[in-house]
Amino acid sequence: MTTGIVGDLGADRSSIIVDGLSTLSYHQLEEQVESLAGKLPQRELLFLIGSNDIPFLTCYLASLKCGAVPLLLGQGLASEHLDRLIQTYDPRFVFLSDGASWNRDGSKEEWRLGEYACYRRERAAPKVLHEDLALLLATSGSTGSPKLVRLSLRNIISNAESIIQYLGITADERAITSLPFNYSYGLSVINSHLRAGASLILSNSTLMEKDFWQQIGNHRITSFSGVPYSYDILLKLRFGQIDMPSVKTLTQAGGRLDQNKMKQIHAICREKKIRFFPMYGQTEATARIAFLAPQDIEAKLGSIGKAIPGGQLWIEDQNGQRIETPNITGELVYAGSNVSLGYAECSADLALGDVNHGVLHTGDLARMDAEGYFFLEGRRHRFLKIFGVRVSLDAVEEIAESKGWKCAAHGVDDMLVLFVAESQNRHPNTLKADLAESLSVHPSAIKVRLMSELPRLKTGKVDYQCLSRML
Amino acid sequence: MSNKEKYDNVFLESFSVSSDMLNESLVYQSVPAWDSVGHMGMIAGLEEAFDIMMETDDIIEFSSYTVGIEKLKKYGIEI
């Protein structure tokens, strides 16, 4: 048994955990978690598929408490991707809400919690799980990629404590979950507020819904979080005119926020006396890596700031040498106790220990200015962030190919562009619809471009630099 | 183009639906494309088509095809 991640402070205050159906005190939450932890196996793999609500939170906390290892997945995951993950990792238990579609062959319902059921998969093979392994998160959720990040309890607690420190989260905070539970940024909001003993309003409403703003008013919410796209919505909703006097803190992560927008949001926040924190992170570091303090935004517009408390950031050149000279671009490297144990790509990898040793090569290109502030400059690997969620371009091409399309995937954040050779006899809108469904991405974030043929390098590989110029 | 045609076109384009679906049962989240992303695209489409700027409350209360017709009256648009 472990001590769990929930802090003691919440029980002494009147902090509450609320979802659409019920309200719990910290004491009641603890009782529910204890009782469920008794039903869960210690050291078995389980999949948790759900959304921001009390049953899902309870099952997550109970798993961490009893040492079962959960993989968190979102409600909207396409069933083909879920089935593939189940095949790859062969979990003993699958916890998911009623009505979710999946291949439940060889599994039987063991117990229920609210609108969720937990299924036991009789034929799951016994697995070796490394003693430090506590939690698994997907790297590229919507493509169903089997590549997972392995996290320890120490990772989770250390990141939550850094966040509490730099955001100054106290038990008096009341945060609303404006991002999914299975998304590392969304999860970090939940973990840090539980650790601080704060109140949490579990909601699945988006900023575009009246219900979200009603909850902000009804629960006197003090903070919420958003990806760059959430801030597009806020600006569209005339952020400056929205009355939200209880809100004191806004955070942003999940991709680079355009400088102009950062400036606009900062100006509105200053007027409203809201502290706005642009941040940077990766699932590979549990969640948060860097943040820009509100008072630095004006002078360091577009920066991701400096490392979180307890962490260290630097830039390395191609030979792995540290670059000390300011404003030279290289790979951003982070060190801290929130750096994950490593990846898993198959169930045998769950036996692995810490391969990162506290150091993460982020794959992001960045520079550091003379005052030690970091600025993102690009990416080493081929992926985009679509509404804050990482989408691997190679995985997109594979999915398209599995559906009979030969294409090259490219684009910018929030806009995936598929270049298709004209020779194919199907209408390109079919590809758009196929991929939108398979990736659970809105079709307006996908563009299909027809070309007579794909540009190729002498090696026969697709010339992505050439495609970059055509975006 | 009449206001009705303009209004309908925005829905047809934003949510990839057929014209027989343009009725009171076309509501937020009733079709996959009408999520928060689709909602934002639809509002932007209407603002452009009718050259208006909608207020926050009208954007978040714009919950269906029929409710939208009522909302636009406030901006002097009769569908």
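This is a predicted model: local features need pLDDT of at least 70, side-chain atom pairs count only at pLDDT 80 or more; totals for chains, interfaces and linings use all residues.
Two residues are in contact if their C-beta atoms, placed from the backbone, lie within 7 Å.

**First stop: the side of chain B that touches chain A**

Select chain B together with chain A. Here 14 residues of chain B are in contact with 16 residues of chain A. Then highlight α2 (36–50) and α3 (56–61) of chain B, the elements that give two or more residues to the side of chain B that touches chain A. The largest share of that side comes from α2(B), with 7 residues. Colouring this side of chain B by residue class shows 6 nonpolar, 6 polar and 2 charged residues.

**Second stop: the two domains of chain A**

Next, colour chain A in two parts: domain 1 covers 9–377 and domain 2 covers 383–469. Their C-alpha centres are 28 Å apart. Where these domains of chain A meet, domain 1 supplies 14 residues and domain 2 supplies 17 residues to the contact. On the side of domain 1 that touches domain 2, the viewer will find 5 nonpolar and 9 polar residues, and no charged ones.

Now select F47(A), L48(A), L73(A), F95(A), A290(A), V396(A) and L416(A). These are the residues with the most contacts inside the largest nonpolar core, which has 157 residues.

Remain at F95(A) and display its surroundings. Leaving aside residues up to four places away in sequence, F95(A) touches L46(A), F47(A), L48(A), I49(A), C59(A), Y116(A) and C118(A).

**Last stop: helix α5 of chain A**

Finally, select residues 153–167 of chain A, which form helix α5. This helix has 15 residues and reaches 21 Å from its first C-alpha to its last, close to the 21 Å expected at 1.5 Å a residue. Of the 15 residues of α5(A), 11 are buried, so the helix is largely enclosed by the rest of the structure. Among the buried residues are N155(A), I156(A), E161(A) and L167(A). To see what covers the buried residues of α5(A), show the elements of chain A that include β8 (133–138), β9 (148–152), α6 (184–195), β13 (249–252), β14 (275–281) and β15 (288–291). The tour ends at G168(A), which follows α5(A) and has a positive phi, near 65°.

Terms used: Residues are numbered from 1 along each chain as its sequence is written. Chains are lettered from A and ligands numbered from 1 in the order in which they are written. Domain bounds come from an automatic or database domain assignment. Ala, Val, Leu, Ile, Met, Phe, Trp, Tyr, Cys and Pro count as nonpolar, Asp, Glu, Lys and Arg as charged, and the others, Gly among them, as polar. A nonpolar core is a set of buried Ala, Val, Leu, Ile, Met, Phe, Trp, Tyr and Cys residues joined through C-beta atoms within 7 Å. A residue is buried if 20 or more other C-beta atoms lie within 10 Å of its own, exposed if 12 or fewer, and partly exposed in between; C-beta atoms are placed from the backbone. Helices (H or I, at least four residues) and strands (E, at least two) are DSSP runs, numbered from the N terminus. The expected span of a helix is 1.5 Å times one less than its number of residues.
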